[in-house]
Number of protein chains: 6
Amino acid sequence: MSRRILVINPNASLACTRGIAAALAPLPLPPGLALEVTRLAEGPPAIASWEDWHSVALPLCGLVEREPAAAYVIACVSDPGLEAVRAATRRPVLGMFRCAVAAAVTRAERFGIIGFVAASQPRQRRALQAMGLEARLAAWEPLDLPMEVLCEPEAPRGRIAAAARRLAEQGAETIILGCTGLAGHAALVAEASGLPVIEPCEAAGAMALLAAMRP
Amino acid sequence: MSRRILVINPNASLACTRGIAAALAPLPLPPGLALEVTRLAEGPPAIASWEDWHSVALPLCGLVEREPAAAYVIACVSDPGLEAVRAATRRPVLGMFRCAVAAAVTRAERFGIIGFVAASQPRQRRALQAMGLEARLAAWEPLDLPMEVLCEPEAPRGRIAAAARRLAEQGAETIILGCTGLAGHAALVAEASGLPVIEPCEAAGAMALLAAMRP
Amino acid sequence: MSRRILVINPNASLACTRGIAAALAPLPLPPGLALEVTRLAEGPPAIASWEDWHSVALPLCGLVEREPAAAYVIACVSDPGLEAVRAATRRPVLGMFRCAVAAAVTRAERFGIIGFVAASQPRQRRALQAMGLEARLAAWEPLDLPMEVLCEPEAPRGRIAAAARRLAEQGAETIILGCTGLAGHAALVAEASGLPVIEPCEAAGAMALLAAMRP
Amino acid sequence: MSRRILVINPNASLACTRGIAAALAPLPLPPGLALEVTRLAEGPPAIASWEDWHSVALPLCGLVEREPAAAYVIACVSDPGLEAVRAATRRPVLGMFRCAVAAAVTRAERFGIIGFVAASQPRQRRALQAMGLEARLAAWEPLDLPMEVLCEPEAPRGRIAAAARRLAEQGAETIILGCTGLAGHAALVAEASGLPVIEPCEAAGAMALLAAMRP
Amino acid sequence: MSRRILVINPNASLACTRGIAAALAPLPLPPGLALEVTRLAEGPPAIASWEDWHSVALPLCGLVEREPAAAYVIACVSDPGLEAVRAATRRPVLGMFRCAVAAAVTRAERFGIIGFVAASQPRQRRALQAMGLEARLAAWEPLDLPMEVLCEPEAPRGRIAAAARRLAEQGAETIILGCTGLAGHAALVAEASGLPVIEPCEAAGAMALLAAMRP
Amino acid sequence: MSRRILVINPNASLACTRGIAAALAPLPLPPGLALEVTRLAEGPPAIASWEDWHSVALPLCGLVEREPAAAYVIACVSDPGLEAVRAATRRPVLGMFRCAVAAAVTRAERFGIIGFVAASQPRQRRALQAMGLEARLAAWEPLDLPMEVLCEPEAPRGRIAAAARRLAEQGAETIILGCTGLAGHAALVAEASGLPVIEPCEAAGAMALLAAMRP
């Protein structure tokens, strides 16, 4: 068995792939196990629509069939192609969003999600339904900012903090960063809301470590 | 902030504490973070009743107040005293059973549980209700074996394999080892059922690592 | 079999015990059946935290083992130690909060709760989950008043009436007084909300009567 | 305000009415409060179909409008006309089935029901849906015996005991006698199942007492 | 087998019956199948209360027994007498409200309902519970207009458009016209909300066509 | 607006496309509205896996963008690409499985499904979750027959009848033919089970008619 966790960014963005790798860099690994972050070169620039979501499923399957690993992570908060990829390998396949939700429910009963744009909510809702946890979503707050603004260090802070506060007011007891671009703002969300914060790359890393350690 | 994960076995058994430590030994840790397994010296020999379950809550709070840590794990599959201990510290506190259930729902939609004795089911049911995941329990199969038989390497294998198969037949898509004494039989359960297996110590270790890495 | 209903206030407050006894005084009893209200002398002044909640479980079991009765009521709206006490006796054991919720659902489909302080909600939520009735809670409104204000006849009336009205606006069809200290304000709540009001001591008394009459 | 609880058998059977009165006879009443059992003279011989169920609603409203009371009980385990009667009076109106279910959930988490004939289950299912408690029904076992056999003291015992045992095997933790004709067999059901038994007349009596005592 | 769909308005209003017939007029029919709209001559002027709702059940059964048809529609948005009528014939019997809800869930996940008056909501809620779809009701907005205003072409437009907008704001993804008098305003609701609109007469017509075509 | 309903078989099978057209042939259409059945020429031979399911989403979008229609039906019982296609057109898009489930819940409270092979269940389960109706699935019985056997007139009858009977025994109150190849066996299923039968092509036809008639 290959001794690596393969984290696959299903979009083609190098910046996004680097962000995922940065978020995963602190994850410790046991001797003999590596973690690699790759991207789907033929993927879309982002998974922003149902068409994007469907389009990456088969390329993901192909990549997994070519690249052996001890465990796989689909590194997008809409878990695209998860079931298809699971059928393409006997090794564990994890969706980053499901990992974040699972981590959230180990910390509290109700979670809120800060999303990138309203249009990404339906795919996350479908994942929550698959997990049986839709009723535990206290609220979903989209930022609706252009990606370039989101990636600046200062510009989006006010909007992010406001979203975090609104989630707390609506009963969230923990907050999931529902967009990989938010990884750098985890401390801000925690401070604004006073709640535990779950970053999906980190959550998926921990879950993949767990899965990869079992033969 | 203390740089350790403190795993607390709420019963006083040294053998049980050693078993937990063994299950957690392979968990990698980042530089500067340690993991320690301790026991509640004043705890009961096992958490086998609701009285036992209540009795450890205050001692656990006391221990947590005395012993600083980056994150705590209550190392018993009935998550005793979880809410009380959470109120006793600002650091994350994780229940081993909730961590196992969370790990299970990252792998499949329905899980089965192999339990030690029928009497331990009601406390696990209460935790599933708190998580909103009671409807995802496909089946719960108790072994109803004496602890000394359970701890032998060969004697309980037939009973364990039969329980694993029954869970698969009833719709389980992953299996949680609902008793820390089963850690050594994970491979047997996987083989008998053909399903992914979640061992609670390992699941809690991964979740604690995730929680401890965030300041 | 002892021919009494034993109502146990799990806190040590004499004033609170007297209030419970006063609320239960109008309950009729059949010939040969008595109702006694007692307190847990070693209990905390109030059940205000998860620590308090756990701390009374074993003393309650001890008291029940020493004091035979036809039926027992745990007279606190967080139902502390209920499962443990049930394991300590073959006679029926009732939790005051569960009795109030049960009475509420015989009157309407959705109920609201006026609570003492926000901190007591999580324990009531857990009881609602155990009953499968969390989705029928229309709203929970805490008073967040100091206990001494709550016990005055006039001072808290404005706050109580406002809470009652907010519950009605949020879809409650009946109101549970979620704090034994509110027993004297039942008429005010009914008038302010226009809704049926359930007082937990009374509800538990009726349920205990039902349980005690069966051999 | 009239100082009586009026229990209305919505069918015209004198035998059935006498049975209800007998079941309620032990209920204690406070000074000044009476309990009367009456029947709907124009009702059908039994509520055995949806037609029967609808047919009694308006006559029940008429009776309630003519006969003042402190509280009303509709004494049939399908709760016919409950909402209509509630609109016909400002006083509390209780359905016997809902009262039995409420009493059951004060005693345990899952209940089973012994029914008269399979045809009566859909109306009880609708009441469980209204209460939000359908998922807590562990099993429903019909006797499917002729009424005259059911009313004999000995003949139906084997069938009743077998139904009680099947409910226990299917996860019931308490048993509701889902037919007023079973009142005389409560002890048998308790013995055969080892579970608490709820008799609907008694449950409704206790709930009516609770409701009638509040002005 | 009779080759007609019989649509029965359970109230006696000729205007209402004509409105139903007008809404159904565009429905195509296969050769040999007719659609007839009739009214319950002995019905109340409208189904506005639980008494009205119960009162039509037996007359509907009688009418269905006298009038053979390939399929029946009960043409009122509270589905009165549905189960009773189903027991009175072996042919399919459809409730107009259930058909509208079913059509809504083929178009989106969450629906809103514009109702006539607040008093009609409880009967629709009961139907949603029977369907298991109560949790998918995003919001229910009553118009609370006098019927004569509702039937004017212009006067109620502002109120209707406002209700449609409020439903969209509360998360409705499709809108059910919860009152047959709204059939003429479907385009207004669609325009004001930007959402698909379901008109119950049309939905029931399509479902009856489906049911009637199967022998 | 184009005046046709476009029914798209997402697989490339001509036989399957002809079967769909045959099932839809009896559907009446209003003057000026046509119904056309087409296939996705580039689709797989059948939608038998998650890869197949994803693979057709983009081609379906492309087809819908090229081919104007008043309403579209995706004619496969796993509703592939439904959300993506909805985003590709402003006209109504219906999934055949969701239409069948919707039709089922207009006829009874619990439905059973006869499926082709066990492997197709997870995609139907996901659709049921999206509809909020997973709890109303009484049972799912796969035939697990080779397609060529399924398409013979006599050979599969025993297996189909047995599946229908098992569904009835497990509480189904109506049966959905969960595979388009079963259309010819509807009468057999009805006879074997004694229950109403829903054929998805017919159900989708009726729903598309409803949707297409509204401008």
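Where in chain B does T106(B) lie? T106(B) belongs to the loop that connects α5 (96-105) with β5 (111-115) of chain B. Before we follow this residue further, please keep in mind that the model is a predicted one. T106(B) has a relative accessible area of 3%, so it counts as buried. Its contacts reach into another chain: leaving aside residues up to four places away in sequence, T106(B) touches R86(A), V93(A), L94(A), R98(A), C99(A), A102(A) and M207(A).

Chain A splits into domain 1, made of 4-96 + 202-213, and domain 2, which covers 98-200. Between the C-alpha centres of domain 1 of chain A and domain 2 of chain A the distance is 20 Å. To the contact between them, domain 1 of chain A gives 18 residues and domain 2 of chain A gives 16 residues.

Strand β1 (residues 4-9) and strand β2 (residues 34-39) of chain A run parallel and are joined by six bridges.

The aromatic side chains deserve a visit next. Over all chains, the structure holds nine aromatic pairs. In one of them, the ring centres of W50(D) and W53(D) are 5.1 Å apart and the planes stand at 75°, so this pair is edge-to-face. Both W50(D) and W53(D) sit in helix α2 (residues 50-55) of chain D, three residues apart, which is about one turn of the helix. Buried or exposed, what are W50(D) and W53(D)? Both W50(D) and W53(D) are buried. W53(D) also forms an edge-to-face aromatic pair with W53(E), at 6.4 Å centre to centre and with 80° between the planes. This second pair crosses between chains, going from W53(D) in helix α2 of chain D to W53(E) in helix α2 (residues 50-55) of chain E. Like W53(D), W53(E) is buried.

Other tryptophans extend the theme. W50(A), W53(A), W50(F) and W53(F) are linked into a cluster by ring pairs. In chain F, R123(F) lies over the face of W50(F), 5.2 Å from the ring centre. For chain B, R123(B) is placed over the face of W50(B), also at 5.2 Å from the ring centre.

R123(F) leads us on to its helix. How many residues of helix α6 (residues 121-131) of chain F are buried? Nine of the 11 residues in this helix are buried, and helix α6 of chain F is thus mostly covered. The buried residues in α6(F) are R123(F), Q124(F), R125(F), R126(F), A127(F), L128(F), Q129(F), A130(F) and M131(F). Just after α6(F) comes G132(F), with a positive phi of about 75°.

Positive phi values also turn up in residues other than glycine. One of these residues is D79(D), with phi near 50°. D79(D) is placed in the loop between β3 (71-74) and α4 (82-88) of chain D, and at a relative accessible area of 2% it is buried. D144(E) is not a glycine either, yet it has a positive phi of about 50°. The loop that holds D144(E) runs between β6 (137-142) and α7 (147-151) of chain E. With a relative accessible area of 42%, D144(E) is partly exposed.

Our next stop is chain C, where M96(C) is found in helix α5 (residues 96-105). M96(C) has 0% relative accessibility, so it counts as buried. Although M96(C) and V73(C) are 23 residues apart along the chain, 6.7 Å separates their C-alpha atoms. V73(C) is also among the contacts of M96(C), which touches V73(C), I74(C), A75(C), C76(C), D79(C), T180(C), P200(C), C201(C) and A204(C), not counting residues up to four places away in sequence.

To finish, step back to whole chains. Chain A and chain D do not touch, and their nearest C-alpha atoms are 15 Å apart. Chain B and chain E do not touch either, with 15 Å between their nearest C-alpha atoms.

How values were computed
Residues numbered from 1 in each chain as written. Chains lettered and ligands numbered in written order. Predicted model: local features only at pLDDT ≥ 70, side-chain atom pairs only at ≥ 80, totals over all residues. Heavy atoms only, no water. Contact = heavy atoms within 4.5 Å. Pairing = 2+ DSSP bridges. Helix = DSSP H or I, 4+ residues; strand = E, 2+ residues; numbered from the N terminus. Phe/Tyr/Trp six-rings, centres within 6.5 Å; stacked < 30°, edge-to-face > 60°. Buried < 20%, exposed > 50% of the residue type's maximum accessible area, 1.4 Å probe, protein only. Lys NZ or Arg CZ within 6 Å of the ring centre and 35° of its normal. Domains from an automatic or database assignment.
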